[in-house]
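Have the model open and follow along.

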Amino acid sequence: MLATPAIAGAAEPVLVPKQQVVSDFAACVLEQEPERVRALLASEVGTAEERALAKRLMEGTASCARGRPFITMRTGEARGALAEAVLKADAALAGHAEALGPQQMDRPTETEGRRFVIAYGRCLAGTAPVQARALIATDYDSAQERAAMMAFDGALKDCMPIGFNYQLNIRDVRNHVATALYDRAIAASGGGDKNA
């Protein structure tokens, strides 16, 4: 959670979920730099190119911080928030996401850091695109978001590497599900996304 700046006469600052702050930032970045956002989302997930594009994009849009001295986020958070922003702003792409059906996915074997969450998000978005779309439609840190995550049901287990234990981080998984859903929608649109 992040606190908004104190307002004279206010008893306490209003707490805003960090993901909401990141999401608002991403929507502003998309409005200001749509081509650069698309370039980042077209980069290969988990690469040095992706990190460099994310850093350059985030540093070049300081006005989107809306008076905050800085907004901290990892590359996966930035990419996921931007993917979600595009899916919500681009009706044609959202239509392609809406038309996606389930895919047969291999159980991921990756268990290290972000590589695990990337594989897990891809598996969830591939196996259960209806649930993926429902997840990114929910408010952050809400009961609806938690219910949407649990609605993946058996896929939560089927997409988990065998013998691997993971304390579900909804925000992290949501970001990577949004990225994977975006990649699938781009591929379905004929965009030839290399991450799908």
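Asp153 counts as exposed because its relative accessibility is 60%, above the 50% that marks an exposed residue. In this predicted model, Asp153 sits in the loop between helix 8 and helix 9 (154–158). Its backbone deserves a look too: Asp153 is not a glycine, yet its phi is positive, at about 50°. Most residues other than glycine have a negative phi.

Asp141 is another case to visit. This residue lies in the loop between helix 7 (129–136) and helix 8 (143–150), and its phi is near 55°, again a positive value in a residue other than glycine. With a relative accessible area of 43%, Asp141 is partly exposed.

Two further loop residues are worth a stop. Thr109 belongs to the loop between helix 5 (91–98) and helix 6 (113–127). Ser43 is in the loop between helix 2 (34–42) and helix 3 (48–59). A polar atom of the Ser43 side chain lies 2.6 Å from the backbone oxygen of Leu40.

| Residue | Relative accessibility | Class |
|---|---|---|
| Ser43 | 1% | buried |
| Thr109 | 71% | exposed |
| Asp141 | 43% | partly exposed |
| Asp153 | 60% | exposed |

Now for the helix pair. How do helix 3 and helix 4 lie relative to each other? Their axes come within 10 Å and cross at roughly 70°, with helix 4 covering residues 75–89. The two helices are therefore roughly perpendicular to each other. On the helix 3 side, the contact is made by Glu50, Arg51, Ala54, Leu57 and Met58, and on the helix 4 side by Thr75, Ala78, Arg79 and Leu82. Sorted by class, this contact has five nonpolar, one polar and three charged residues.

Finally, step back to the whole chain. The secondary structure amounts to 10 helices and two strands, and from the N terminus the order is β-β-α-α-α-α-α-α-α-α-α-α. The chain has 196 residues, of which 45% count as buried. Among contacts with a separation of 6 or more, 73% join residues 24 or more positions apart. The chain exposes about 10,100 Å², and carbon and sulfur atoms supply 53% of that area.

Methods: Residues are numbered from 1 along each chain as its sequence is written. This is a predicted model: local features need pLDDT of at least 70, side-chain atom pairs count only at pLDDT 80 or more; totals for chains, interfaces and linings use all residues. Side-chain values use heavy atoms; hydrogens and water are left out. Helices (H or I, at least four residues) and strands (E, at least two) are DSSP runs, numbered from the N terminus. Buried means under 20% relative accessible area, exposed over 50%, partly exposed in between (1.4 Å probe, protein chains only). A polar contact is a pair of N or O atoms within 3.5 Å; within protein, one must be able to donate a hydrogen and the other to accept it, and residues adjacent in sequence count only if both atoms are side-chain atoms. Axes are lines fitted to C-alpha atoms, for helices over the stretch in contact, and angles run from 0 to 180 degrees between N-to-C directions. Angles under 35 degrees count as roughly parallel, over 145 as roughly antiparallel, 65 to 115 as roughly perpendicular and the rest as oblique. Contact means heavy atoms within 4.5 Å. Ala, Val, Leu, Ile, Met, Phe, Trp, Tyr, Cys and Pro count as nonpolar, Asp, Glu, Lys and Arg as charged, and the others, Gly among them, as polar. Accessible areas come from the Shrake-Rupley method with a 1.4 Å probe; for residues, only the protein chains shown count as cover.
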